[in-house]
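Please read the notes below with the structure open beside you. They are set out as numbered points.

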Amino acid sequence: MSIENVSAVLSADERGGRPEGEAAGGRLWLQAFAGNRLAVAGLAVVIALTLFSFVGPLLYHTDQIHTRLSMETLRPGPGHPLGTDNVGYDQLGRLMVGGQTTLEVAFGAAAVAVILGVLWGSAAGYLGGLVDGLMMRIVDALLAIPAILLLLFLATVFRPSVLMLIIVVGLTAWLVPARLVRGEALSLRSREYVLAAKTMGVRTPTIIFRHIVTNSIGTILVNATFQVADAILVVAALSFLGLGIAPPATNWGAMLSDGLNYTFSGYWWLTYPPGIAIVLTVVAFNLVGDGLRDAFGLDARRG
Amino acid sequence: MSARAPAAGAAPAGPVLEVTGLDVDIRLRRSVVHAVQGVSLQVAAGETVGIVGESGCGKSTLGLALAGLLPENAVTRGSIRLGGRELAGLAERELRGVRGAEVGIVFQDPMTSLNPTQRIGDQVGETLRLQRGASKAAAREAAAEMLDLVGLPRPREQLDRFPHELSGGMRQRAVIAAALICQPRLLVADEPTTALDVTTQAQILELFDRLRQTLGMATLLITHDMGVVAGHTDRVFVMYAGREAETGGTAEVFDAPQHRYTAALLESILRMETQRKSALYTIPGRPPDLTAAPAGCPFAPRCTAATSECRGEFPPAAADGAHSWHCYHPVPAADSSPEVTEAR
Amino acid sequence: MTAPAVPGAAAAAAAGVPLLSLSGVTKIYRGGGLLARAAAPVQALSGISLHAGAGATLGIVGESGCGKSTLGRIAVGLEKPTEGEVTLRGASLAAMSRAERRIARYAVQMMFQDPYAALNPRMSLARIIEEPLRAKGGMPRDQRRARVRQLAEEVGLAAGQLDRYPRELSGGQRQRVGLARALATSPALIVADEPVSALDVSVRSQILNLMTELQAEHQLSYLMVSHDLTVIHYFADHIAVMYLGKVVESGPPAELFRAPAHHYTRALIDAVPQPAPGRVAQASAIRGELPSASAPPSGCRFRTRCPAATSLCAEQEPPLRDFGPGHQAACHFPLTEPAASTLGMEST
């Protein structure tokens, strides 16, 4: 049950002015989230896959640098639980390494998108008027450019590396959080505590951060999780189109793309594992995002 | 379908509304809020009973319970009989037949009580169509009559307007028209004038008085405003911490309040006669936590006359005719105002 | 760092110049944004002239659409008047530089209506009360902390509660926090916008008592804005009744209520529900609905609802006339006789 249901029935006065056993600091949403089984499951999957990718290689050593053509496309079996790919890399180990890149880029891109979007959107929404109009028209204009084309362009111009991918994907994704946060800012700027801050002579950047952004955390957090999910898909798409990072680095999208060449040869272990990994992660992040959205009591359109 | 004649048929033998031992618990994540405890009251046809108390006293929960609109996490015990028919424990489907037809409901905020995308005429007539199967034309006609009855100027023009085209007072009149169009036996009005300007409030309260005389329904007026209660109710039911504190004829209770809380409440109200800039009487402490359910009188921690007896068991009802109260140490007759205490 | 005083402050106080003065203030809202709508501009305030004296309370009473909230916001600097002047201790705010104005503004602070929206839910009470001190600057951290504790004590909050969050407090406690925050910079005037309207009846008296105490202790002035006549009557030293952006009557509370001159004032008084069952509820004399603020009636704005309106009221706007010491009203057919001299006409 979300916060809204509770407060709809009772005011703080009816509860005697004390929240039901919660620590000072606003953890009601945490409790609501924890009660949502799907959301917790999603979170568990995310944690599991992250551990798999980053801690896994420490436990399961494989050589992901040197190719060994003599070992190409071996079936799953002893020594290679998921077989090997077309140049002899152990597939399971490749999945882990690929996971690292995928998750790094996804988290990084989400961070870039969210930070940029929050800064832009909160300023536009709070300042309002002409400034808001200008800033949001820029966003609209950028949104009009198909992301894929933009990505392709950027990816061909810049030599792909993890950092470049993060920046490139982030730069196309920040527009959505910008709009969301601007919406929040628009509604928050007329709240009385914001007016109070103005009367006190608090400076504008401080107001934006201390009052607008902190009270939009719910929306921001929810959107951030969806950004991660989207970023994974975008990276997969880019790699599929051949614009990923050069070997021996890899990511799940690239693995999927490479593996598709062998679909008709029946080498299922080249396509299913990365494909399932992508789907699992994206769904898991979406579940977490949905759970957060419910926990914060936000409606479906926002975040 | 004339909206002016009171409901035809035999005068009801007993009270229109009879609530006995009503308990409402709201189940929260880790605790249970005892919003209403052991409330019993009756309302006769043509009578207006005011349910008064401050925030957290349970009056709104009581109103929702009577309207059958409690949330899913609410547990109800006790009996609610409307015209002899038991409402507590009815399934939602059956409750839907009761709401609108037998019980009319008016809420506080006319801006959110009306659907902004639906025309006034349609909203007012909707209940008639759903509950009595009236045709569109008949409902429209009845709606026009109701809008006229509630004092909307040029009612036929208003039928096709949208809520945002009307002022707050006019919207509330439309809401009242919608609530009464099926001529329900009971009208539950929860803070119907709180969101309105004081001059509009006066007009709406006058309207309630007039409708009561014309339509003869039983009315439950839920409010925190003692002034509203004083001028527009026959009987009053004072609530504190989910329980009944005192009940009786309005004039009696106001002239000689017996329960310490009632007396304290009346004393702390600002009136025009209150001496300007004088130290105001305050009730020390804060309303109790409804998740705990301490034994004894819930007002004891804040009462100047409390004794150990008060903390032991909830005081049984003491009565003087129709005026009853739950207090071990009612206000002595000679002096009907409690000691003035300084703030803090 | 001593805040540079508003120029001429000491002299002004000595000479009896009002603390805060509004002269001919008009505020018009237009449909804004890049695509300016063709909607008619809203005249929230029209030619308002008022003063608030040191240590006293000016009460503004009126219903929705009268402009009292806008007035409050202009008084505290959240909005700028479209026309007219706001002076603080005799010095015009418009004439000051931005920096000077920022400093001068600390003399006027605000207390908000909705205790549930006036405090940032994500800040602890201590930080909420501290915020104005941090914004003003010039106070090291421990000094600020000490001041916060002092303020909390003054408004009746236990020091232990300072680490709590607003959601854990009741409405009355939150209003106390709001008061403490408004007091932080030692203002001379607090604009209180409906300070007790959202509170329970029994809590109202606590907060009003507190406000009275603080006024006595700190020589505070209040500009109290409310729709609640009984609160204004109790608390204000001088009352201005507003309708659709204009002051229709003003004067000392006792006289205003004993013998109101304007029909609207009379209607407001009659409409207040009295908790005395013996008294028969007065039939309200006024009819109809509030006109739109973007198209106020010609002449006297109240004429569309006034029982005594004639054609004169539609043609000519009534000027403010004297009805006694400090008592003025704008009506062609007032309920009482105006004072002998009609020279005390202020422009409306």
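The points that follow take up a predicted model, starting with one interface and moving on to single elements and residues.

1. Interface of chains C and B, extent. Contacts here involve 52 residues of chain C and 44 residues of chain B. The area buried between chain C and chain B comes to about 3800 Å². Carbon and sulfur atoms give 54% of that buried area.

2. Between chain C and chain B, 2 salt bridges are counted. One of them pairs B:K277 with C:D237, with 3.8 Å between the closest N and O atoms. This pair counts as a salt bridge because the cut-off is 4 Å, and 3.8 Å is within it. Across the interface of chain C and chain B, 15 residue pairs are in polar contact, both residues being at pLDDT 80 or more.

3. The elements of chain C that give two or more residues to the side touching chain B are helix 5 (141-154), helix 6 (171-183), helix 7 (201-218), helix 8 (229-235), helix 9 (253-258) and helix 10 (263-271). Helix 7 of chain C gives the most, at 12 residues. Sorted by class, the side of chain C that touches chain B holds 23 nonpolar, 17 polar and 12 charged residues.

4. Helix 4 of chain C. This helix spans residues 125-136 and is mostly covered, with 9 of its 12 residues buried. Among the buried residues are C:L125, C:I128, C:I129 and C:L133; C:E130 and C:E131 are also buried. What lies over the buried residues of helix 4 of chain C? The cover includes helix 3 (98-104), helix 5 and helix 6 of chain C. Chain A also takes part, through its helix 10 (192-199) and helix 11 (204-213). Just after helix 4 of chain C comes C:G137, which has a positive phi of about 80°.

5. Chain A overall. The secondary structure of chain A consists of 14 helices and 0 strands. Of the 303 residues in chain A, 50% are buried. Among contacts in chain A with a separation of 6 or more, 72% are between residues 24 or more positions apart. Chain A exposes about 13800 Å², and carbon and sulfur atoms supply 68% of this.

6. A:N251. This residue sits in the loop between helix 12 (217-240) and helix 13 (252-260) of chain A. Is A:N251 buried or exposed? A:N251 counts as buried because its relative accessibility is 2%, and buried means under 20%. The side chain of A:N251 reaches the backbone nitrogen of A:G253 at 2.9 Å. Leaving aside neighbours within four places in sequence, A:N251 is in contact with A:G98, A:T101, A:T102, A:V235 and A:S239.

7. C:I28. Strand 1 of chain C (residues 20-29) contains C:I28. Leaving aside neighbours within four places in sequence, C:I28 is in contact with C:P41, C:V42, C:Q43 and C:T82. C:I28 and C:L335 are 307 residues apart along the chain, and 31 Å separates their C-alpha atoms.

Note on methods. Residues numbered from 1 in each chain as written. Chains lettered and ligands numbered in written order. Predicted model: local features only at pLDDT ≥ 70, side-chain atom pairs only at ≥ 80, totals over all residues. Heavy atoms only, no water. Contact = heavy atoms within 4.5 Å. Buried area = accessible area lost by both parts, 1.4 Å probe. Salt bridge = Lys/Arg side-chain N within 4 Å of Asp/Glu carboxyl O. Polar contact = N/O pair within 3.5 Å; in protein donor to acceptor, adjacent residues only side chain to side chain. Helix = DSSP H or I, 4+ residues; strand = E, 2+ residues; numbered from the N terminus. Nonpolar A, V, L, I, M, F, W, Y, C, P; charged D, E, K, R; others polar. Buried < 20%, exposed > 50% of the residue type's maximum accessible area, 1.4 Å probe, protein only. Areas by Shrake-Rupley, 256 points an atom, 1.4 Å probe, with all protein chains shown as cover.
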